[in-house]
Amino acid sequence: MRFREELSRSKRADVDAAFEGVQRSLVRPASLFPIAKAMIKDIWQGQVAQTEARRKAQKTALKRVPASISKAADRLAETESAAAIRALETKLEKLEAE
């Protein structure tokens with residue numbers, strides 16, 4: 001019985017030592033924190049730049065809407081075809097929704 005207990009203790013000590021080695025390898029040195037911070041900051045700035053680009057594109061598109069509405073309304077007034085009138089009315093509704 002004593003032999004088994006000693007063998008179990010020996011194995012447990014080996015497992016504990018191996019676990020401590022793994023645990024030490026998982027601890028990150030302090031020098032990685034500035035690198036991680038810089039990476040996160042770069043990602044954040046990229047997202048900000050993308051959002052700003054989308055905002056500018058939407059603003060530009062929004063400036064074109066009144067001109068498009070005006071053109072469609074002029075064409076609607078000049079059109080006699082029922083199909084063209086329906087198409088232009090649909091287009092006007094979409095433009096007004098924007």
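Tutor: Let's start with Arg 55, which is partly exposed, with a relative accessible area of 41%. Buried means under 20% relative accessible area, exposed over 50%, and partly exposed in between, using a 1.4 Å probe and protein chains only.

Student: Before we go on, what kind of model is this?

Tutor: This is a predicted model, where local features need pLDDT of at least 70 and side-chain atom pairs count only at pLDDT 80 or more, while totals for chains, interfaces and linings use all residues. Residues are numbered from 1 along each chain as its sequence is written, and side-chain values use heavy atoms, with hydrogens and water left out.

Student: OK, back to Arg 55. What does it form a salt bridge with?

Tutor: Glu 52 is the partner, and the closest N and O atoms are 2.6 Å apart. A salt bridge here is a side-chain nitrogen of Lys or Arg within 4 Å of a carboxyl oxygen of Asp or Glu.

Student: And where do Arg 55 and Glu 52 lie?

Tutor: Both are in helix H2, three residues apart, or about one turn of the helix. Helices are DSSP runs of H or I with at least four residues, numbered from the N terminus. An α-helix has 3.6 residues a turn, so residues three or four places apart point the same way.

Student: Is Glu 52 buried, exposed or partly exposed?

Tutor: Glu 52 is partly exposed, with a relative accessible area of 32%.

Student: How many salt bridges does a search of the whole structure find?

Tutor: One.

Student: Which residues in H3 are buried?

Tutor: Leu 88, Leu 92 and Leu 95. Seen down the axis of H3, the buried residues fall within an arc of 65°, so they line one face of the helix. That arc is taken from the directions from the helix axis to the C-beta atoms.

Student: What does the face turned away from the buried side carry?

Tutor: There you find the exposed residues Arg 86, Glu 93, Lys 94 and Ala 97.

Student: And what covers the buried residues of H3?

Tutor: The cover includes helix H2, residues 32–78. Contact means heavy atoms within 4.5 Å.

Student: How exposed is Ser 68?

Tutor: At 27% relative accessibility, Ser 68 counts as partly exposed.

Student: Last topic: which residues form a nonpolar patch on the surface?

Tutor: Leu 32, Ile 35 and Met 39, with about 280 Å² of accessible area together. Patches take residues with over 30% relative accessible area and no salt bridge, joining like charges within 9 Å and nonpolar side chains (Val, Leu, Ile, Met, Phe, Trp, Tyr) within 5 Å. Areas come from the Shrake-Rupley method with a 1.4 Å probe, and for residues only the protein chains shown count as cover.

Note on methods: Helix = DSSP H or I, 4+ residues; strand = E, 2+ residues; numbered from the N terminus.
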